[in-house]
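Take a look at the chain below.

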Amino acid sequence: MAKKDNEKMSREEAGRKGGEATSKSHDKDFYEKTGKKGGKATSKSHDKDFYEKTGKKGGKATSKSHDKDFYEKIGKKGGKANSDGDNN
């Protein structure tokens, strides 16, 4: 959406433009490192209860947007990974 010179950009638009610019100048490795750094910081500032609540909230959202077939597929995928000795 083009803006006139005297109109300010919304936060949403600024964030989108910034995200697009970042994605053009960084690779997958950058995002992996950033994610790990953020995960470590989050784990230092939150306790077990935070992760339990977040997990339940995510589980409820997932169950609303996926059907039985989805859970069968991921169950089989997880079972195969465990039987292959994959710890991921």
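Is F70 buried, partly exposed or exposed? F70 is partly exposed, with a relative accessible area of 25%. Here buried means under 20% relative accessible area, exposed means over 50%, and partly exposed lies in between (1.4 Å probe, protein chains only).

## About the model

This is a predicted model: local features need pLDDT of at least 70, side-chain atom pairs count only at pLDDT 80 or more, and totals for chains, interfaces and linings use all residues. Residues are numbered from 1 along each chain as its sequence is written, and side-chain values use heavy atoms, leaving out hydrogens and water.

## Aromatic pairs

The whole structure holds three aromatic pairs. Rings of Phe, Tyr and Trp (its six-membered ring) pair if their centres lie within 6.5 Å; planes under 30 degrees apart are stacked, over 60 edge-to-face, and the rest tilted. One of the pairs joins F50 and Y51. It is edge-to-face, with 5.0 Å centre to centre and 85 degrees between the planes. F50 is partly exposed at 29% relative accessible area. Y51 is partly exposed too, at 38%.

F70 and Y71 form another edge-to-face pair. Their centres are 5.1 Å apart, and the angle between the planes is 85 degrees. Y71 is partly exposed, with a relative accessible area of 37%.

## Helices

The chain has four helices and zero strands. Its pattern along the sequence is α-α-α-α. Both element types are DSSP runs, numbered from the N terminus: helices are H or I with at least four residues, strands are E with at least two.

Helix α4 covers residues 68-83, which is 16 residues. From first C-alpha to last it reaches 22 Å, close to the expected 22 Å at 1.5 Å a residue. The expected span is 1.5 Å times one less than the number of residues. Just after α4, G85 takes a positive phi of about 85 degrees.

## Overall form

The radius of gyration of the chain is 20 Å, while a compact globule of 88 residues would have one near 12 Å. The radius is taken over C-alpha atoms, and the globule rule is 2.2 Å times the number of residues to the power 0.38. Along the principal axes, the C-alpha atoms fill a box of roughly 60 × 30 × 30 Å.

## Surface

How many of the 88 residues count as buried? The share is 2%. The chain exposes about 8300 Å², and carbon and sulfur atoms supply 54% of that area. Accessible areas come from the Shrake-Rupley method with a 1.4 Å probe; for residues, only the protein chains shown count as cover.
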